Amino acid sequence: MKFIIDKEVFRVLPTVCFGGVAAGGLDNTGKSAEILELLKEATSFARSKFQGGNLKEHPDLVCYRNAFIKIGFNPNKFLSSVEALTSRVLKGGELPDINDAVNLVNAISLKYTLPMGAHDLNSIEGDISVRYSREGEYFTPFGAGVAEEVPGGDLVYADAVDIRTRRWIWRQSDRGKVTAASSKIFFPIDGFTDRNLESVKAAREELANCIEKYFGVQPVKFYLDVDNPETETEIEI
C-alpha cells in the first residue's frame, strides 16, 4: 500500500500536510488502563484549553473551518473530526471506551487538537489516496449497512474500491472501522504547514512511541506535503 495525495488537493489547499503511522501485528483485544488514563488526561486538557472560549473562533480549529469553506463544505453543518470530538467533551460528555487503538488515537487527537483517523488495513484494497471523488463511487456511513452513492467533487480518503471518508475529515466509512479484531491499522494526521506542522510531527512521534510501548510492535512513520505528495515506497507492515 502507498499513501498518495492528488495534486489537485494542493491546488485548493496548498499548505495542507499529512503525518502518518501504520502498524501491523497488533493485538487490539485487550483493555489498557494506561491508554484509558491517557484519554482521560487528554479530555481534561481539552476542557481546560477551550473553557470559556468560542470553539469556532479558536485558531487551532479555524484553520480547518476555513479549509472546509475552500473545498465547498459548510463548517457549521459538517464539523471536522477534531472539532466534533472537542465539542463533545466540552459539553461534558465522556468519550466511550471503544478499544485500545481508537482510545489512543482519540487521546492524541484531543491533546494536539488535530484530526486523526484510524483505518483497518485488512479492509483496504490497493493504495490509499486523498483526492476528489468521481461519479459512481460509494461510501458506507458509520453504523449503516447500506452504501450510498457519493457525488463527484467531494474531497475524500479513498482506496481502489470505495470511499473511506466523506468531506475529507468529517466522517469515516463503516467498512474501514477499527475493531478489537483489527491487526493492521493506518493512522493519518491532517494539518497545515503554515499553522500546526510541529504539532502534526509531534503527534506522529507520540503515536508511534505509544504503539511500540503499548502494543509491542514497530510502526512505520511517514509525512506528505506539496513537495512530497506520496510515500516513496510501498508501506510494508
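**Group meeting: a walk through a predicted chain**

Hi everyone, let me start with charge: the mean positions of the 28 positive and 35 negative charges of the chain are 5 Å apart. Here Lys and Arg count as positive and Asp and Glu as negative, with His and the chain ends not counted, and each charge is placed at NZ of Lys, CZ of Arg, CG of Asp or CD of Glu.

A quick word on the source. This is a predicted model, in which local features need pLDDT of at least 70 and side-chain atom pairs count only at pLDDT 80 or more, while totals for chains, interfaces and linings use all residues. Residues are numbered from 1 along each chain as its sequence is written, and side-chain values use heavy atoms, leaving out hydrogens and water.

Now the overall picture. The chain has six helices and eleven strands; these are DSSP runs, helices being H or I of at least four residues and strands E of at least two, numbered from the N terminus. Its radius of gyration is 17 Å, close to the 18 Å from the globule rule for 237 residues, so the chain is as compact as a globular protein of that length. That radius is taken over C-alpha atoms, and the rule is 2.2 Å times the number of residues to the power 0.38. Along the principal axes, the C-alpha atoms fill a box of roughly 45 × 40 × 40 Å.

How much of the chain is buried? Buried residues account for 54% of the 237, where buried means under 20% relative accessible area, exposed over 50%, and partly exposed in between, with a 1.4 Å probe and protein chains only. As for contacts (heavy atoms within 4.5 Å), take those between residues at least 6 apart in sequence: 74% of them join residues at least 24 apart.

Let's zoom in on helix α4, residues 81-90. Val82, Glu83, Leu85, Thr86, Ser87 and Val89 are buried there, and the buried residues of α4 pack against α2, α3 (59-70) and α5 (100-112). Glu83 is one to look at on screen: its relative accessibility is 4%, so it counts as buried. Beyond its neighbours within four places in sequence, Glu83 is in contact with Leu55, Lys56, Leu61 and Arg65. Just after the helix, Gly92 takes a positive phi of about 95°.

Next stop, Ser32, in the loop between β2 (16-23) and α2 (33-50). Ser32 is buried, at 16% relative accessible area.

Two more places before I stop. Gly126 sits in the loop between β3 (119-120) and β4. Buried or partly exposed? Gly126 is partly exposed, with a relative accessible area of 45%. Leaving out neighbours within four places, Gly126 is in contact with Met1 and Ala160, and its C-alpha is 7.9 Å from that of Val161, 35 residues away along the chain.

Finally, Tyr132 belongs to strand β4, residues 128-132. Not counting residues up to four places away in sequence, Tyr132 touches Glu8, Val9, Val12, Ile71, Gly153, Asp154 and Leu155. The C-alpha atoms of Tyr132 and Glu234, 102 residues apart along the chain, are separated by 22 Å.
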